Amino acid sequence: MTLDEDVDQVIAARLTELRTTLPRALTSDQLALLRRRIGQTIGQAAALRAIALTNDDEPATVFRPLRSEERQP
Amino acid sequence: VSSLAYRTVPELGRMIRCGEVSPVQLAEEALDRLETVGRSLNAVVTLAPDLALEQARQAEEELAHGVDRGPLHGIPYGAKDLFATVGIPTSWGMAPHQRRVIDEDAAVIERLREAGAVLVAKLAMVEGAGGFGYEQPNATFTGPGRSAWKSEAWAGGSSSGSGSAVGAGCVPFALGTETWGSILIPSAFNGLTGFRPTHGMVSRRGAMALSWTLDKIGPMCRTAQDCGIVLAAIAGFDSADPSTRREWFEPPRPAHTRLRIAVLRGAAERAQPEVGAAFGASLDILRQMGDLEEVDLPGFPWEDAAGLIISVEGAAAFEDFLRSGEGERLTAPEDRMGLWEGLVVPAVDYLRALRVRRKGMQAMDDLLSRFDVIVAPAVGFVAPLIEDRFDTWFDADWGPSLGAAGNLCGLPSIGVPNGVGERGLPIALEFMGRAFGDGQVVAAAMRYQELTQWHERHPAR
């Protein structure tokens, strides 16, 4: 299987999941656009994998335990 | 042209305090211009005459009794229609929410009220702040936003109405938001000075969320000085927005010390010729302000990371809406299944984007710590025509830009007019700085505007 065929299969699998969870009629144009957008997210993820990360590279989000009195009423 | 239109905030403040004009007159003038000029540009969603006149009368009374809330007291403004406002519909530009009232005030609306500013209108925007993937100007129920300079050209998005209403002199300033380009682009297309603060400077409470980690709220004004004044009123800690910091922002003075200015290498080479020429002329001005050094951005997939994060956070923020089927009622056909792709991105891909983002932020700060600001053309081209599809424009390669990296890293940025492009439309120069270096960025832009007059130009409306 080539890389492109692999990507096509991932797009098809994600599309199937979407059409199961969001069962709406789509025109052929909408379907093509959705395929393209899913393909974009796959391409974006592939580009991100080109950046080397180590086990301790944390996401850029800060988890901070909360005390209720710190929230406004 | 009215003698009150196109005035800056300090000019109007002086006129109010000298008795040359009253807050009520200013509010009435703004309401009139929004009704006529603003509506012709599709800039308005809802006028708020009752609230505006009540707030204006209160400002008038307070000032008459010596209660002065500062430079915005009695000054009218408009807010992008994604800020919640008591008693006024908040549509987020989306037809399904056209009549919805969220009965609370967003943090920025509260803060501007405390500063004595007068809310006159909720302004038009691209549906869902553009997160649904619109590919044309006609992507909101109020019709395509039209540029203040030429109504056949697009006002830019997603803060379209904020851009054209300020650009056409309907209000002296407006609030916009930017996830990726939504303040700087409409500011450039309408000849404004627009400021995107550091993520965390301004509370997002009560604002529509598209991407919790990328959304920023900022002022769209006539000058950099006005941006500093408005930012000082809206910035600050809010326990309801965990990204905000316990720091205040003071409006800066123009930067008169010699600056260290980074110039994004190759940023104008593939831009429209007029944009390139204006950038070259701007560099001559900047040489009077400081020492210039050409730099490249660190090599990261900025666009890919920002795009993936917006897709996933947007899909999460709008998940109930997507599952409800209400998306079918959005205006642009391509928006009706917008963000669906974000529902099926693996969590590890999203987290990888956030992990790469952290490394990118470190690399970016290593670069910017050597400079006061970095500059580049704000946009490589002038406003497209209303009938244009975006693939002609936004998918074209205009060369390196600061937009994706700056937004991904949450950095402050200001766009200032710096010339005239194709069809007589305005173009802009961008100054960007380190995180929480908002004051330096505004100060540099103020100095640039002391040395230039581009921000004083306005359409003959």
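Buried means under 20% relative accessible area, and exposed means over 50%, with partly exposed in between. Keep that cut-off at hand as you work through this predicted model.

**Exercise 1.** Decide whether Trp92(B) is buried or exposed.

*Solution.* Start with the place: Trp92(B) sits in the loop between β2 (76–80) and α4 (107–114) of chain B. Next, take its relative accessibility, which is 17%, so Trp92(B) counts as buried. While you are there, look at the backbone: phi of Trp92(B) is near 55°, a positive value in a residue other than glycine.

**Exercise 2.** Find out which side chain of opposite charge is nearest to Asp388(B), and how far away it is.

*Solution.* First locate Asp388(B), in the loop between β9 (373–377) and α12 (403–408) of chain B. The nearest side chain of opposite charge is that of Arg423(B), 5.8 Å away. A salt bridge needs a side-chain nitrogen within 4 Å of a carboxyl oxygen, and Asp388(B), though buried, has none. Then turn to Arg423(B): with a relative accessible area of 34%, this residue is partly exposed. Finally, list what Asp388(B) does touch: beyond its neighbours within four places in sequence, its contacts are Gln136(B), Pro137(B) and Trp393(B).

**Exercise 3.** Work out how α9(B) and α11(B) are oriented to each other.

*Solution.* Begin with the axes of α9 (residues 302–317) and α11 (residues 347–368) of chain B, which come within 9 Å and cross at roughly 135°. The two helices are therefore oblique to each other. To see the meeting surface, display residues including Leu308(B) and Val312(B) from α9(B), and Ala353(B) and Leu354(B) from α11(B).

Notes
Residues numbered from 1 in each chain as written. Chains lettered and ligands numbered in written order. Predicted model: local features only at pLDDT ≥ 70, side-chain atom pairs only at ≥ 80, totals over all residues. Heavy atoms only, no water. Helix = DSSP H or I, 4+ residues; strand = E, 2+ residues; numbered from the N terminus. Buried < 20%, exposed > 50% of the residue type's maximum accessible area, 1.4 Å probe, protein only. Lys, Arg positive; Asp, Glu negative; His and termini not counted. Contact = heavy atoms within 4.5 Å. Axes fitted to C-alpha atoms, helices over the stretch in contact; angles between N-to-C directions. Parallel < 35°, antiparallel > 145°, perpendicular 65-115°, else oblique.
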